[in-house]
Amino acid sequence: MTTHYGIIGCGMMGQEHLSNIALLKDAIATVIYEPDAEMAARALQLAPRAVLAEDIDSLLAHDQLDCLLIASPNFCHVDQLEAIAARVSLPILVEKPLFTDPADWRRVEAFKR
């Protein structure tokens, strides 16, 4: 069975994750959201079968996703997690740090409820 990944953010770390996913047997980067055109082009070189999504909502609309990987800029993580949690329930790997503003701890704590 193939594991389908949705990738959010394909800068340096996102590209590293795409390279690693390509090494895994039965794993594929299926959908990528990367707003920077140059980074999106590099991502497609690493994952040529992936589809580019225009935003997180369109990425999440792909029903074959098994998991998500967030490698966007650090300050975006909590907002993206909240957007994802409102739409789907999937395993998520978030690049560190999880958040950069100490005030965001309360938002992260809300995920426990």
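This is a predicted model: local features need pLDDT of at least 70, side-chain atom pairs count only at pLDDT 80 or more; totals for chains, interfaces and linings use all residues.
1. Asp26 is partly exposed, with a relative accessible area of 38%, on a scale where buried means under 20% relative accessible area, exposed means over 50%, and partly exposed lies in between (1.4 Å probe, protein chains only). This residue lies in the loop between α1 and β2, where helices (H or I, at least four residues) and strands (E, at least two) are DSSP runs numbered from the N terminus.

2. Residues are numbered from 1 along each chain as its sequence is written, and side-chain values use heavy atoms, with hydrogens and water left out.

3. The sheet is open and has five strands in the order β3-β2-β1-β4-β5, with parallel pairing, two strands being counted as a pair if DSSP finds at least two bridges between them. Because β3 and β5 stand at the edges and have a single partner strand each, one side of each is left without a neighbour in the sheet. Neighbouring strands are turned by 25° against each other on average, direction ignored; the axes behind such angles are lines fitted to C-alpha atoms, for helices over the stretch in contact, and the angles run from 0 to 180 degrees between N-to-C directions.

4. Within this sheet, strand β1 (residues 3-8) and strand β4 (residues 67-70) pair in the parallel sense over four bridges, and Ile8 has Ile70 of β4 as its bridge partner. Helix α4 packs on the sheet, where it touches β1, β4 and β5, and its direction makes about 160° with that of β4; contact here means heavy atoms within 4.5 Å.

5. Helix α2 deserves a separate look. Met39, Ala40 and Ala43 are buried in this helix, and, seen down the axis of α2, its buried residues fall within an arc of 100°, so they line one face of the helix; the arc is that of the directions from the helix axis to the C-beta atoms. These buried residues pack against α1 (12-23), β2 (27-33) and β3 (51-53), whereas the face of α2 turned away from its buried side carries the exposed residues Ala37 and Gln45.

6. Arg42 is partly exposed at 37% relative accessibility, and Glu38 is partly exposed with a relative accessible area of 46%.

7. A search of the whole structure finds five salt bridges. Among them, Asp57 and Arg87 meet through their side chains at 3.1 Å, N to O, and this pair links distant parts of the chain, 30 residues apart, with Asp57 in helix α3 (residues 56-60) and Arg87 in the loop between α4 (77-85) and β5 (92-94). Asp57 is partly exposed at 43%, and Arg87 is partly exposed at 41% relative accessibility.

8. The side chains of Arg107 and Asp104 likewise meet in a salt bridge (3.0 Å, N to O), and salt bridges that share partners join Asp79, Glu82, Asp104 and Arg107 into one network. Asp104 counts as buried at 13% relative accessibility, while Arg107 is partly exposed at 26%.

9. Two further loop positions may be worth checking in the viewer. The peptide bond from Lys96 to Pro97 is cis, with omega near -5°, and Pro97 is found in the loop between β5 and α5 (105-109). Arg49, in the loop between α2 and β3, is exposed with a relative accessible area of 67%, and touches Ile28 and Thr30, not counting residues up to four places away in sequence.

Key:
A salt bridge is a side-chain nitrogen of Lys or Arg within 4 Å of a carboxyl oxygen of Asp or Glu.
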